[in-house]
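This note is written for a student who is reading a structural model closely for the first time. Please keep the structure in view while working through the numbered points.

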Amino acid sequence: MPVPSSSLYAGQGKPSCYDRVSTSFMMGATIGITIGILFGGLGGLRSGFRGRELIGSMGKTMLQSGGTFGTFMGVGAALRC
């Protein structure tokens with residue numbers, strides 16, 4: 001027997017559009033930051049960065065990829081509302 005969708009949110013009903021968009025943005029940002037760690041670290045090491053240069057390069061890549069992917073996920077969720 002299928003479970004009603006309202007029981008998943010403890011009697012609060014369905015999540016609002018804002019909740020869906022913000023959750024999607026946060027999930028996308030988390031994925032983007034993870035990819036930014038990988039690509040920023042590997043790209044920085046290939047460029048010969050060490051220490052502060054490497055951390056700065058990784059931080060910049062993490063913020064860029066997290067913001068970009070989070071925005072696209074948020075917009076995708078907003079279109080589905």
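1. Surface. The chain exposes about 6,100 Å², and 68% of that area is supplied by carbon and sulfur atoms.

2. Basis of the values. This is a predicted model, in which local features need pLDDT of at least 70 and side-chain atom pairs count only at pLDDT 80 or more, while totals for chains, interfaces and linings use all residues. Residues are numbered from 1 along each chain as its sequence is written, and side-chain values use heavy atoms, with hydrogens and water left out.

3. Overall make-up. The chain has two helices and zero strands. Both kinds of element are DSSP runs numbered from the N terminus: helices are H or I runs of at least four residues, and strands are E runs of at least two. Of the 81 residues, 19% count as buried; buried means under 20% relative accessible area, exposed means over 50%, and partly exposed lies in between (1.4 Å probe, protein chains only).

4. Packing of the helices. The axes of helix 1 and helix 2 are 6 Å apart, and the two helices pack at an angle of about 150 degrees. Such axes are lines fitted to C-alpha atoms, for helices over the stretch in contact, and the angles run from 0 to 180 degrees between N-to-C directions. Helix 1 and helix 2 are therefore roughly antiparallel to each other, a label for angles over 145 degrees; those under 35 count as roughly parallel, 65 to 115 as roughly perpendicular and the rest as oblique.

5. Contacts along the chain. Among contacts between residues at least 6 apart in sequence, 70% join residues at least 24 apart. Contact here means heavy atoms within 4.5 Å.

6. Ser57 is found in helix 2 and counts as buried at 19% relative accessibility. Leaving aside neighbours within four places in sequence, Ser57 is in contact with Gly40, Gly44 and Phe49. Met58 also has its place in helix 2 and is buried, with a relative accessible area of 17%.

7. A residue of helix 1. Is Phe25 buried, partly exposed or exposed? Phe25, which lies in helix 1, is partly exposed at a relative accessible area of 34%. Beyond its neighbours within four places in sequence, Phe25 is in contact with Gly67, Gly70, Thr71 and Gly74. Phe25 and Ala77 are 52 residues apart in sequence, and their C-alpha atoms are 8.4 Å apart in space.

8. The disulfide. The count comes to one disulfide, the term being used for a pair of cysteine sulfur atoms within 2.5 Å. The sulfur atoms of Cys17 and Cys81 are 2.2 Å apart, and their link is right-handed, with 105 degrees about the S-S bond. Cys17 lies in helix 1 (residues 17-46) and Cys81 in the segment after helix 2 (52-80), so the pair ties together parts that are 64 residues apart in sequence. Cys17 is partly exposed at 38% relative accessible area, and Cys81 is partly exposed at 46%.

Notes. Accessible areas come from the Shrake-Rupley method with a 1.4 Å probe; for residues, only the protein chains shown count as cover.
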